[in-house]
Amino acid sequence: MTDTVQAPHGHDGESRRDFLTLAASAITGVGAACTLWPLISSMEPAQDVLAAGAPVDIDIKALQPGQQMVVLWRSHPVFIARRTPDELKTLQDQKELAQLRDPDSGILQQPDYAKNWHRSVKPEYFVVVGICTHLGCIPEFQPKPESVGPGWEGGYFCPCHGSRYDLAGRVFQGVPAPYNLPVPPHHFVSDTVVRIGENPPGETFDLNDVEQI
Amino acid sequence: MAAPSSQKQNALVRWIDHRLPVFAFMQHELYDYPTPRNLSYWWNFGSLAGIMLVIMMVTGIVLAMQYTPHVDYAFNSVERIMRDVEWGWLIRYIHMNGASFFFAVVYIHLFRGLYFGSYKEPRELLWMLGVVILVLMMATAFMGYVLPWGQMSYWGATVITNLFSAIPGVGQDIVTWLWGGFAVGNPTLNRFFSLHYLLPFIIVGVVLLHLIALHQHGSNNPLGIDRKGPQDSIPFHPYYTIKDMFGLSVFLVIYAAFVFYVPNLLGNVQNYIPANPLQTPPEIVPEWYLLPYYAILRSIPSKLLGVCAMFGAIVTLFLLPWLDTSRVRSAFFRPVYKWVFWLLVADCLMLGYVGAHRPEGINIVLGRIGTFYYFLHFYVLFPLIGKFERPLPLPTSISAAVLAKHGGGAAPASAAMEKH
Amino acid sequence: MRRLHAAAAAALLALAAGAALAEDETPALKSPGWSFDGIFGTFDRAALQHGFQIYSEVCSNCHSMSLLRYRDLAALGYSDDEIKAIAAQKQVTAGPNDQGEMFQRAAQPADNFVPPFPNEQANRAAHNGALPPDLSLIIKQRDGGADYCYSLLTGFKAAPADFKLGDGMNYDDYFPGHQIAMPQPLQDDSVAYADKAPAPLSQEAHDVCTFLTWASEPTLEARKQTGAKVMLFLLVMSVVLYGAKRKIWAEVHSGHA
């Protein structure tokens, strides 16, 4: 079945016929494209899927210092870790920072309000998407020094290919993972409830804009 | 796109054609293909049927991306398509109404064949392949209707699968095998989904055979006489490509009117109620395009004979080329048959009406008359009319008839006139 | 002669189509006129909100609407905060928590409308074995649609003297068989509309049926609006293609006036 109509062979090109056939071809082409659009568009995330990706409120009352909880947001595992003052000190240790690929979080892997030395809204609470930026495994929470090996000051260790991150999710040099762990939009709606998936008022940030989830 | 006239083939086209002659094939079968110059709009319905097949397959494949073929989820997955999926409501209504329009087009195409003798020598196999397509369509539509898992889906499936229990001896075993359980249930739904997805591809294969058979001798025409020479035909492109496109556009206007303004007119409200195995709907009816067969089934008091009559009605269609004894194809020249044809149309409409209503009172009588006439028409009237009818004299050729009709005065060959 | 054939065929088809519609022994349905009728129909937002209020205050005590979600109410003109508040009025069973227990939490916009009873059996038990149907699709589930629902709601009356009404049943002019287990759900001023509009029974029935039509088909407006564009496009395309067809066939026609 042909979509286009061509002029009869070997006859003089009456301008009206050519215009008509041109118009016919054009209008049919537009019609065909418009018909395809809903079919392709229907594969976009449906409204229930988008609704399920709405922000979630997490109660962190029970979270102790040195502990981490894992929640789901948009089918991603999100780590909420409560860092101790000692752990926070290691985040500013120059020797540690020298071993990192991107100590200043220059690459877009976090919102602007998390582009600081603790990569979060509040230093005490670290909220990060727990997906290794290498090939997508879920890194282990290893906050205790020496737990992964000598010289380990605490952080995240990915068992799949050995990538390492510090307790602010920043990736070390010499490991397969290329980027820091991504920080999702989040803010505290109260002292004990953190809302994941929503920026603080006045801020804009979309997790889809980062280099690598 | 396809090759223009043979002088302008570019190097790429020639390279491909040398290895896989697709362009030469299309040039021959779609562009230059000689077609009778006098085809009326009744000849648009074949291409419309082909387009409906494509529309159904494309929308079906997209729907299948969102549908869940499990009894606990099927109904809600369809409602999810209607409410949550971008444009889901449109794709669903196109598919749903598309079934009706596919059958409408194919029935008109079929009756065109009956009127103009398109089933007669040398097109017997072409006709029989068409009947095969119709049967595959009926199976596909039946299974497709079960998928939304509404009340009518479930109970229609129950009634129709139970038909096979009429087979003596092994009947109930066959039904249990069809169901995959003790009643229509999840195994049934899953296999119907699988087969509903499969059958259209088989239909595509049979359609290709149908087109090959068609191209062996070319299309019939309203006069029913063979083409005698090049003055009787015109190339398919551009004449019939543009005519098919125009016909498609008009058809789409009607189709769109249903999809956008009365999308549930041809359906049954019962199917918006989730299937309930413990509650039979007040009336169990198939979709309109299956009503005449349903009427034939119910018109015979015996279960086994009713099933035989229903299948017999379809088998009869295969035998048409041999039941009709007339040597003349087109009803234009058959003064008796041309009126009897309309009796068949009326009979089918009446059977459709009967199929939609409870088998009580006058409907029982009408159903039996309708069934009786159906078989009478094909097994008695067809052979007899052909034998005893005195046909009108046939024109000498298509171009002669066209010239005579339009008062002549034109140059021969390419400038002969067309009536439509 | 051919035109006669075509006319005969059309007449037969029309007869069959008319006759194929189901027979009805109840009186003709009342048709109050709906804003969503016709090729340019839209939903009256005020009626939708009234209707939702009636559903919430009256119908939802017995009838579930499980295909609707609270977030769907945005189409009625409610804001995100209003929707959160509406949802939060209901409790949803969630869990299990880390102790393995199910617990109750406030409904959220993404949740489905909380049903009045946890399952069908509980609903039947509360209603002497009768099951108030889910209303998510009720308009599409009944012949006559919104007209039928309107007629039903305004069709309750005392049973005629010669009619034997079963125990606990109620007489309605429009319900098939005239005996319905549901007592008349709405009277004049059953509900005080939030915007203080008058609420006679006819208005309440009209508003709740508008709401129910929206619930059965939220995409109705999109359907009709898209339809207008598509029909216009197809009509224009048909004219253009007809012109092209005539031009291309002209040479086959040559000699023909």
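Okay, let's start with chain A, where the C-alpha centres of domain 1 and domain 2 sit 54 Å apart. Keep in mind that this is a predicted model. The domain assignment puts domain 1 of chain A at 1-44 and domain 2 at 48-209.

Let's zoom in on one residue of chain A, A:C132. Which loop holds A:C132? The one between β4 (125-129) and β5 (140-142) of chain A. And is A:C132 buried or exposed? A:C132 counts as buried because 24 other C-beta atoms lie within 10 Å, and the cut-off for buried is 20 or more. So who is around A:C132? Skip the neighbours within four places in sequence, and A:C132 is in contact with A:C137, A:P139, A:C158, A:C160, A:S163 and A:A177. Now look at A:P178: in sequence, A:C132 and A:P178 are 46 residues apart, but in space, C-alpha to C-alpha, the distance is 9.4 Å.

Next up, the cores. How many residues does the largest nonpolar core have? The number is 97, and the residues with the most contacts inside this core are B:A49, B:M52, B:F102, B:V105, B:Y239 and C:L241. Helix α5 (residues 88-116) of chain B gives this core its largest share, 14 residues. There's another core lying apart from that one, with 41 residues, including B:I273, C:L73, C:Y78 and C:L135.

Let me pick B:Y239 out of that list. If you leave out residues up to four places away in sequence, B:Y239 touches B:I234, and over in chain C it touches C:I248, C:W249 and C:V252.

That takes us to where chains B and C meet. Here, 38 residues come from chain B and 38 residues from chain C. On the chain B side, the elements giving two or more residues are α4 (74-83), α5, α10 (236-261) and α13 (337-356). Which of them gives the largest share? That's α10(B), with 14 residues. What kinds of residues are on that side of chain B? You'll find 28 nonpolar, five polar and five charged.

Chain C touches chain A too. In that contact, eleven residues come from chain C and 14 residues from chain A. The chain C side splits into seven nonpolar, one polar and three charged.

While we're on chain C, here's its layout. Chain C has eight helices and four strands, and along the sequence they run α-α-α-β-β-α-α-α-β-β-α-α. Chain C has 257 residues, and 32% of them count as buried. Take the contacts in chain C between residues at least 6 apart in sequence: 60% of those join residues at least 24 apart.

Last stop, a pair of helices in chain B. For helix α11 (residues 291-299) and helix α12 (residues 303-323) of chain B, the axes come within 7 Å and cross at roughly 145 degrees. The crossing of α11(B) and α12(B) is right-handed. From α11(B), the contact uses B:Y293, B:I296, B:L297 and B:R298, and from α12(B) it uses B:G306, B:V307, B:A309, B:M310 and B:A313. Sort the residues of this contact by type and you get seven nonpolar, one polar and one charged.

That's my tour, thanks!

Key. Residues are numbered from 1 along each chain as its sequence is written. Chains are lettered from A and ligands numbered from 1 in the order in which they are written. This is a predicted model: local features need pLDDT of at least 70, side-chain atom pairs count only at pLDDT 80 or more; totals for chains, interfaces and linings use all residues. A nonpolar core is a set of buried Ala, Val, Leu, Ile, Met, Phe, Trp, Tyr and Cys residues joined through C-beta atoms within 7 Å. A residue is buried if 20 or more other C-beta atoms lie within 10 Å of its own, exposed if 12 or fewer, and partly exposed in between; C-beta atoms are placed from the backbone. Two residues are in contact if their C-beta atoms, placed from the backbone, lie within 7 Å. Domain bounds come from an automatic or database domain assignment. Axes are lines fitted to C-alpha atoms, for helices over the stretch in contact, and angles run from 0 to 180 degrees between N-to-C directions. A crossing is left-handed if the near helix is turned anticlockwise from the far one by less than a right angle, and right-handed if clockwise. Ala, Val, Leu, Ile, Met, Phe, Trp, Tyr, Cys and Pro count as nonpolar, Asp, Glu, Lys and Arg as charged, and the others, Gly among them, as polar.
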